[in-house]
Amino acid sequence: MNPEDAAARLHENERKVLLTLEGRGAATTQELSAETGLARDAVEKASAWAETKGVVSFQEEVSRSFNLTEEGLKYAEDGLPEKKLLELVASGRNEISVLKEEFPSLNIALVWVRRNSWATIEKGRLTLTEEGLAAKDGETLDDALLTSLKRTSIDNPDEDSMARLDQFVRRNLVEESETVIRWVELTKAGRDLIPAVKRVKETRIITQITPEILQNGSWKGASFQGYDVTLPVPSLHPGKRHFISSIIDYIRRFWVELGFKEMTGDYLELSFWNFDALFQPQDHPARDLADTFYLKTPYKGRLPDDEMVENVRQTHENGWTTGSTGWQYKWDPEVSARNCLRTHTTSLSVNQIAKLSPDDLPGKFFSVGRVFRNETIDWNHLAEFYQTDGIVIGEGVTFRNMQGYLKAYLEGLGLKRFRFRPGFFPYTEMSMEAEVWIEERGEWMELFGAGMFRPEVVKPLLGVDVPVLAWGPGFDRLIMQSYGVDSIRQLYGNDLGLLRKARLWME
Amino acid sequence: MPVIEVNLEDLRELLGKKVTNEELRERLPMMGTSWEGETEEGFNLEVFPNRPDLLSIEGLARAYATFTGLEKGLRRYDVEEAGYRVTVEKKVEGVRPWFVTAVVKNVEFDDPLIRSIIQMQEKLHVTHGRRRRKVAIGLHNLEPVEFPVTYTTKPPEFKFRPLGERFEKNITQILTEMHTGREYAWTVEGFEEYPMILDGKGMVLSMPPIINGEYTRIDEATRNLFIDVTGTDLKTITEVLNIIVTTFADRGATVYAVDNHYPDGSVLKTPDLRPKTMTLDIDYVNSTLGMEYTPDEAAGLLARMGHDAKVGETLTVEYPCYRTDIMHPMDLVEDVAIAYGYDNFVPEIPEIATEAGEDPLEVFSRGLRNFLVGFGFQEVVTFMMTSPERLFHRMTLPWEPIAETSNPKMEGYTCLRNRLIPGLMEVLASNKHHSYPQNIYEVDDVVLLDPSTETGARSERRLAVALCHARANFSEVKAVLNSILENLAVEAEVEEGGLDCFIEGRRFVAKVGGEPLCWAGEVKPEALEAWEMEMPVAALEMNVEKLLELTSS
């Protein structure tokens with residue numbers, strides 16, 4: 001860079017500092033402040049910038065400074081207690097019992113009188129020593145130090161004074177503080193730049209373009225203050241979508257692109273839809289209070305009033321016409337009418353099947369929504385989370401097709417190494433688990449379950465037995481991995497710091 | 001789901017093969033179990049609830065042997081006759097009606113078998129047994145037992161010497177003083193008399209499902225066993241009995257039948273270890289799986305799962321007595337798929353033309369979410385579950401009827417929100433350490449009671465905005481509403497009033513056709529104080545479903 005450009009890129013304050021330093025050695029920022037008329041921190045900022053450009057060197061020196069405390073100031077004015085004691089003893093009041101009454105600082109005074117060997121004590125009386133007598137009449141080193149401190153602070157003391165000052169610090173008469181002195185000095189490059197800086201000074205500099213400058217044309221002939229473009233500026237916090245909500249949009253789009261239609265439904269659900277229609281026997285452990293939220297209000301609902309409920313009952317009890325043996329127990333409509341918070345969005349899938357007639361087939365449906373589990377909340381468990389369910393219903397759909405859709409889903413989420421293995425759900429047969437390989441842990445992690453709805457699920461709802469592929473992935477864990485969040489609570493914590501910094505979901 | 005501990009040495013001995021953890025770790029999950037990690041002695045394995053026969057190491061070894069081809073097809077079990085007889089009295093009908101039994105002899109009761117049996121018994125009690133209420137298993141030393149054994153009931157003052165006790169106790173004492181008694185007392189709650197198994201001399205074998213008698217205690221020297229299973233469901237207890245008996249048989253024990261005489265005169269001979277039969281159509285297998293197996297191939301795959309299949313016009317499949325999960329031919333199709341290997345299928349998306357589409361409310365909601373981002377607002381996603389404390393008390397709002405759960409585990413999550421604003425307040429209250437302005441919004445559902453629906457409640461889509469910074473005020477929040485309405489070409493009438501969480505005179509309801517669409521205002525300092533907030537908040541909440549309706553009309 002030529003000197004003219006380099007000089008032009010300096011801030012006005014930097015130029016002031018440089019010109020003030022011309023022809024002299026190092027100056028403190030305090031001195032520069034006085035001479036340039038700039039505030040000290042403005043000088044320091046300008047000097048720091050100038051240093052990054054190599055035109056000045058900028059050094060710090062820390063100095064120790066000692067000042068009297070309030071107590072110290074009192075002694076500096078009235079004299080130290082041990083000196084007072086010497087005077088009292090010399091005036092004849094040498095009995096400790098008497099002194100105790102008259103002299104409140106006796107204890108402190110005694111400590112120092114004895115430590116300095118200024119007096120001896122015998123039978124409760126003090127007798128001054130020779131040193132004591134000398135001290136009484138003359139100015140001791142302590143006195144001198146106090147007097148000097150009363151005048152001004154002591155900076156960077158020598159070793160002798162240091163020992164004494166230490167004692168004062170311990171007696172809480174003096175306190176130590178550190179002051180930083182910053183020295184600025186032109187470098188060779190800085191000295192070389194001075195002529196160019198002087199030339200710049202003569203042209204007008206614009207820092208901020210304003211409407212006024214543009215209107216009155218004063219920018220003409222002026223030059224622009226150059227900036228150090230590498231200096232940091234604070235970030236803005238733009239309005240943003242929550243990443244979970246963005247990912248849900250993505251999942252929705254994914255299913256739509258594969259030809260799926262959305263199904264929606266309520267969070268509050270009859271146990272009938274959440275469990276019975278899914279061929280879960282009424283004493284199944286998953287229906288326990290421990291896992292499922294049941295409702296106090298509204299306690300129970302109304303079972304759909306038709307043949308379908310009867311079909312479900314018979315299927316539970318004896319298999320109805322599904323070709324199954326059923327669970328062989330007495331099915332209770334009251335248990336089925338009990339309201340619960342849906343534990344899976346699979347309740348929407350069976351609801352959808354119930355709405356279809358065989359003429360509507362084939363069909364592909366998906367849902368995304370919250371589900372609820374009666375969990376004790378910790379870093380790994382929440383009472384509610386998101387799930388996306390999908391079903392494909394129609395003659396001729398197969399187990400291999402199910403693997404096909406789920407392979408596409410997993411690849412859509414950017415997963416490379418995954419596998420399918422047998423699983424178990426009371427309402428599917430084949431039941432399948434999709435697992436993803438976690439390289440850092442060197443093991444497979446279960447992602448979600450899938451399967452083909454049992455004939456005992458489909459036939460009572462639809463009237464005929466048609467294959468149905470079904471899956472119900474949660475995706476919290478994938479989001480956690482993708483966003484490097486290690487607690488599921490954090491995922492739903494709405495910490496604005498996290499949300500403001502969170503990477504945009506761009507798919 | 002139950003997790004069992006497997007001792008690798010035991011498993012190797014049963015298989016007659018030096019399998020390694022590495023091999024098992026790879027193969028067992030493909031057989032339909034979950035690998036839960038290595039242990040010092042072997043590994044932990046999760047067994048699915050439909051396969052209780054895998055809860056013992058013997059059962060696991062049996063399944064693994066056929067799955068990996070060490071053995072083939074159905075393992076058959078013989079049952080000897082020796083005239084053992086038990087009587088079930090009518091009195092048990094109202095309390096614990098079902099009772100099945102078996103005798104096994106020549107049991108080598110060594111450590112591995114004892115470990116395996118105890119583990120299986122525990123797991124069966126918890127899962128299938130529903131903590132012993134539905135099924136309880138009793139194992140007894142056969143030697144002192146004099147037949148016929150009687151299953152009956154006894155009153156609370158009836159005394160016997162429970163297992164592990166030095167003296168007799170009566171039933172009430174057992175249920176209130178003994179640890180096991182207290183733990184399982186709930187299974188017999190409300191009974192006037194209690195189930196009791198006695199032998200021909202009147203000695204007590206067991207008080208199911210609570211505790212056995214000391215009389216038939218088992219130790220390492222025991223060689224012959226009497227086994228009872230009691231419960232509320234005959235199908236389940238029979239299956240459980242078969243699972244236990246076959247486990248002993250796999251260790252070389254001889255099984256003897258018992259005639260269980262029921263009060264109606266019927267005689268139930270148990271255990272019945274004969275395989276069961278189901279027919280399976282090869283086309284059904286192929287159309288379900290999307291494969292083209294020949295009947296012989298399918299039969300070969302079924303043999304890998306421990307079945308025998310005869311090939312004719314259809315497949316006639318004999319499946320083992322302990323496979324309690326086989327209820328429908330579809331269950332056999334699954335076994336074919338497992339034997340073939342889930343990882344060996346070629347995934348394929350079919351060509352099925354269907355009409356695709358999102359729910360209109362979701363499309364509309366996404367439009368609103370993206371629009372609100374343009375204001376510079378941050379979207380938040382809060383929980384639907386909350387507490388009356390947050391919904392009403394902290395908002396200084398009066399209580400209203402809401403959907404509440406009956407059995408929450410956590411104090412803070414007892415009901416469903418009927419409004420979004422409290423959730424936004426909670427977000428603001430927990431972000432006081434971050435810089436302002438904090439302008440946030442949420443578009444999601446609330447749940448409202450509605451007697452006209454199937455459940456008595458329905459969800460409603462809402463939009464809420466909270467503006468929080470030093471100068472947040474009424475005008476700003478009203479301007480936000482204006483912009484939303486203008487951009488959707490909706491006109492609403494604004495009138496003073498609305499929610500009590502807003503300052504009087506600085507709040508409004510926006511109505512269309514007399515029905516409320518939006519509530520807004522400056523949040524009362526009392527509410528801010530309740531949330532421990534020291535920054536003003538202006539907020540609005542609107543009914544998105546209504547807005548959609550107005551926009552589309």
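Analyst: I begin with one helix of chain A: the buried residues of α20(A) pack against α16 (307–318), α18 (346–355), β17 (443–453) and β18 (468–471) of chain A, together with α10 of chain B. The model is predicted, with local features needing pLDDT of at least 70 and side-chain atom pairs counting only at pLDDT 80 or more, while totals for chains, interfaces and linings use all residues. Residues are numbered from 1 along each chain as its sequence is written, and chains are lettered from A and ligands numbered from 1 in the order in which they are written.

User: What makes helix α20 of chain A mostly covered?

Analyst: A residue is buried if 20 or more other C-beta atoms, placed from the backbone, lie within 10 Å of its own, exposed if 12 or fewer do, and partly exposed in between. In helix α20 (residues 455–462) of chain A, eight of its eight residues are buried, among them A:Pro455, A:Glu456, A:Lys459 and A:Leu462. Just after α20(A), A:Gly463 takes a positive phi of about 95°.

User: Why is A:Trp320 called partly exposed, and what makes B:Ala489 exposed?

Analyst: A:Trp320 has 19 other C-beta atoms within 10 Å and is therefore partly exposed, whereas B:Ala489 has 8 and so is exposed. A:Trp320 is found in the loop between α16 and α17 (333–337) of chain A, and B:Ala489 lies in the loop between α14 (474–487) and β25 (493–496) of chain B. Phi is positive in both residues, near 50° for A:Trp320 and about 55° for B:Ala489, which is not a glycine. Most residues other than glycine have a negative phi, and most peptide bonds are trans.

User: Which peptide bonds are cis, and what is omega there?

Analyst: A cis peptide bond joins A:Leu361 and A:Pro362, with omega about 0°, and the bond from B:Phe147 to B:Pro148 is cis with omega near 0°. A:Pro362 lies in the loop between α18 and β13 (363–372) of chain A, while B:Pro148 has its place in the loop between β6 (135–141) and β7 (149–154) of chain B.

User: Why are α3 and α7 of chain B called roughly perpendicular?

Analyst: Helices (H or I, at least four residues) and strands (E, at least two) are DSSP runs, numbered from the N terminus. Their axes are lines fitted to C-alpha atoms, for helices over the stretch in contact, and angles run from 0 to 180 degrees between N-to-C directions. Angles under 35 degrees count as roughly parallel, over 145 as roughly antiparallel, 65 to 115 as roughly perpendicular and the rest as oblique. The axes of helix α3 (residues 57–67) and helix α7 (residues 234–250) of chain B come within 9 Å and cross at roughly 75°, and the two helices are therefore roughly perpendicular to each other. The contact is made by B:Glu58, B:Gly59 and B:Arg62 of α3(B) and by B:Ile243, B:Thr247 and B:Asp250 of α7(B).

User: What makes β1 and β2 of chain B edge strands?

Analyst: Two strands pair if DSSP finds at least two bridges between them. The open sheet of three strands has the order β1-β3-β2 (chain B), with antiparallel pairing. Here β1 (3–7) and β2 (33–38) each have a single partner strand, so one side of each is left without a neighbour in the sheet. The twist averages 30° from one strand to the next. β2(B) and strand β3 (residues 42–47) of chain B meet the pairing rule with four bridges, and B:Thr33 stands opposite B:Val47 in β3(B). α2(B) packs on the sheet, touching β2 and β3 of chain B, and its direction makes about 155° with that of β2(B).

User: How many residues of each chain are in contact with the other chain?

Analyst: Two residues are in contact if their C-beta atoms, placed from the backbone, lie within 7 Å. By that rule, 76 residues of chain B are in contact with 80 residues of chain A. α10(B) gives the most to the side of chain B that touches chain A, with six residues. Strand pairing also crosses between the chains: strand β11 (residues 295–297) of chain A and β21(B) pair in the antiparallel sense over two bridges, with A:Thr297 opposite B:Glu404 in β21(B).
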